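This briefing is meant to be read beside the sequence and the three-dimensional view. Please keep both at hand while going through the points that follow.

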Amino acid sequence: ALPASGKVLQVLTANTSSTVNNNTQNYATANSLAITPSATSSKILIMVSQEWRMETAEAIHLQIVRDSTVRVQTETGYVANASATNSGYWPYKFLDSPNSTASITYSVKFKATTSGKACSTQTNSTPSSITLMEIGA
């Protein structure tokens with residue numbers, strides 16, 4: 001039998017305080033978490049609290065990726081002040097419909113707009129988290 005509509009079927013959380021540095025044009029993974037939905041009709045509610053830091057007058061771009069498919073991406077990123085370091089949290093929620101009962105990995109990824117500009121996540125061991133909730137549909 002399929003799960004009842006609207007019921008929370010499982011909740012998984014990945015907390016990390018491991019610093020990730022990136023000064024390339026490639027997206028680096030800040031945090032990730034796998035979930036195996038119990039039905040293809042299930043929705044996955046993704047809740048991200050992602051710490052970020054930019055070292056120079058630059059923008060950091062963040063995205064949420066399901067396996068290799070980008071599901072959410074910031075338009076212009078967070079821009080650092082010209083003479084100061086800028087840091088903060090990216091709080092984001094997104095309801096996904098993966099249509100799968102295979103294991104799925106959701107990742108939060110980040111990069112600077114310009115190559116060679118330093119950015120980081122979980123800076124100085126500041127914690128970040130990703131929570132996945134499977135919701136019956």
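Asparagine 99 lies in the loop between strand 8 (86-96) and strand 9 (104-112), and in this predicted model asparagine 99 has a positive phi of about 55 degrees although it is not a glycine. The points below take up the loops, the salt bridges, the nonpolar core and the surroundings of one arginine.

**Loop residues with a positive phi**

- Most residues other than glycine have a negative phi.
- Asparagine 99 has a relative accessible area of 56% and is therefore exposed, since the cut-off for that class is over 50%.
- Serine 125 counts as partly exposed because its relative accessibility is 46%, which lies between the limits of 20% and 50%.

**Salt bridges around aspartate 96**

- Two salt bridges are present in the structure, and one of them joins arginine 66 to aspartate 96, with the closest N and O atoms 2.8 Å apart.
- That pair links distant parts of the chain, with arginine 66 in strand 5 and aspartate 96 in strand 8, 30 residues apart, and both arginine 66 and aspartate 96 are buried.
- Arginine 71 forms a salt bridge with aspartate 96 as well, the closest N and O atoms being 2.9 Å apart; this pair, too, links distant parts of the chain, with arginine 71 in strand 6 (residues 69-73) and aspartate 96 in strand 8, 25 residues apart.
- Arginine 71 is partly exposed, with a relative accessible area of 31%, whereas aspartate 96 is buried at 0% relative accessibility.
- Through shared partners, the salt bridges join Arg66, Arg71 and Asp96 into one network.

**The largest nonpolar core**

- The largest nonpolar core holds 25 residues, of which Ile46, Trp90, Tyr106, Phe110, Ile130 and Leu132 touch the most other members.
- Strand 3 (28-35), strand 4 (43-54), strand 5 (59-66), strand 8, strand 9 and strand 11 are the elements that give two or more residues to this core.
- In soluble globular proteins, nonpolar side chains tend to be buried together.

- Arginine 53 belongs to strand 4 and is partly exposed, with a relative accessible area of 24%.
- Although arginine 53 and glutamine 122 are 69 residues apart in sequence, their C-alpha atoms are 8.4 Å apart in space.
- Leaving aside neighbours within four places in sequence, the contacts of arginine 53 include Ile60, Thr85, Asn86, Ala118, Cys119 and Asn124.

Definitions and conventions:
Residues numbered from 1 in each chain as written. Predicted model: local features only at pLDDT ≥ 70, side-chain atom pairs only at ≥ 80, totals over all residues. Heavy atoms only, no water. Helix = DSSP H or I, 4+ residues; strand = E, 2+ residues; numbered from the N terminus. Buried < 20%, exposed > 50% of the residue type's maximum accessible area, 1.4 Å probe, protein only. Core = buried A, V, L, I, M, F, W, Y, C linked by side-chain atoms within 4.5 Å. Contact = heavy atoms within 4.5 Å. Salt bridge = Lys/Arg side-chain N within 4 Å of Asp/Glu carboxyl O.
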